[in-house]
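Subject: Structure handover

Hello,

Here is the structure I said I would pass on. Please look it over first, then read the notes below it.

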Amino acid sequence: MKVIVEEAHKAVRKVAVHAQGEIGIRDAVMAGVDSIEHGIFLTDEIIDLMIERGTFLVPTLSALHFIKQAGIEGGVLKDVFDKTERVLESHCNSFVKAYKRGGKIACGTDAGTPCNIHGKTSYELKLMIENGMTPMDAIKTTTSEVAILLVIEKEYGSIEVGKKADILVLNENPIVNIETLFNVESVYKLGKLVK
């Protein structure tokens with residue numbers, strides 16, 4: 001894993017690791033990966049290592065949320081549903097612990113997994129808020145923080161002179177009502193209206 005990270009970084013590429021269990025997460029962080037996707041079983045020691053090394057957590061809370069919501073009657077395989085039931089509390093607790101300790105968190109949804117279609121990023125933000133993140137911090141996970149993770153923060157991630165004007169227009173203040181993201185009024189890409 002360390003060699004993969006070294007070679008990726010030489011090529012100016014990032015390494016994201018799908019890691020749920022304690023040993024896999026620790027090994028990935030020690031190898032120097034840039035982000036841990038899921039991080040279901042985080043310990044205080046692992047969170048300290050992630051903070052020390054600048055490793056982002058991409059919690060993907062919505063992946064388990066949509067599996068549980070659909071249920072077996074919605075077509076989820078029994079073993080997938082049972083695993084979701086077993087790990088959901090630990091997943092949420094790990095996210096909360098990492099957030100409260102000041103860990104770097106970027107938004108991601110694990111879209112494409114069972115019952116988890118693309119275009120549902122707003123639900124990830126809602127779940128982060130429901131688990132104790134402030135609305136502004138949740139918004140930052142999908143703007144400035146993800147731009148830092150992807151090393152595109154000089155051009156994206158915030159509205160500033162000289163940056164790319166990729167902007168959403170909403171009907172309400174998302175800090176007051178995050179669900180306004182479920183019904184975006186308009187979208188601008190590079191300053192031009194696209195939707």
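Isoleucine 175 is found in the loop between β4 (167–169) and β5 (186–189). Helices (H or I, at least four residues) and strands (E, at least two) are DSSP runs, numbered from the N terminus. At 40% relative accessibility, isoleucine 175 is partly exposed; buried means under 20% relative accessible area, exposed over 50%, and partly exposed in between (1.4 Å probe, protein chains only). Together with Met136 and Val176, Ile175 makes a nonpolar surface patch of about 280 Å². Patches take residues with over 30% relative accessible area and no salt bridge, joining like charges within 9 Å and nonpolar side chains (Val, Leu, Ile, Met, Phe, Trp, Tyr) within 5 Å. Accessible areas come from the Shrake-Rupley method with a 1.4 Å probe, and for residues only the protein chains shown count as cover.

This is a predicted model: local features need pLDDT of at least 70 and side-chain atom pairs count only at pLDDT 80 or more, while totals for chains, interfaces and linings use all residues. Residues are numbered from 1 along each chain as its sequence is written, and side-chain values use heavy atoms, with hydrogens and water left out.

Helix α2

In α2 (residues 22–31), the buried residues are Ile25, Ala28, Val29 and Ala31. Seen down the axis of α2, they fall within an arc of 160° (taken from the directions from the helix axis to the C-beta atoms), so they line one face of the helix. Their cover includes α1 (2–10), β1 (16–19), β2 (35–38) and α3 (44–53). Just after α2, glycine 32 has a positive phi of about 95°.

Salt bridges

A salt bridge is a side-chain nitrogen of Lys or Arg within 4 Å of a carboxyl oxygen of Asp or Glu. By this rule there are 14. One joins arginine 26 to glutamate 22 (2.9 Å, N to O); both residues lie in α2, four residues apart, about one turn of the helix. What else does arginine 26 form a salt bridge with? The partner is glutamate 45, with the closest N and O atoms 3.4 Å apart. Glutamate 45 lies in α3 and arginine 26 in α2, so this pair ties together parts that are 19 residues apart in sequence.

Aspartate 44 forms a salt bridge with arginine 101, their closest N and O atoms being 3.0 Å apart. This pair links distant parts of the chain, 57 residues apart: aspartate 44 is in α3 and arginine 101 in the loop between α5 and α6.

Regards

Note on methods:
Contact means heavy atoms within 4.5 Å.
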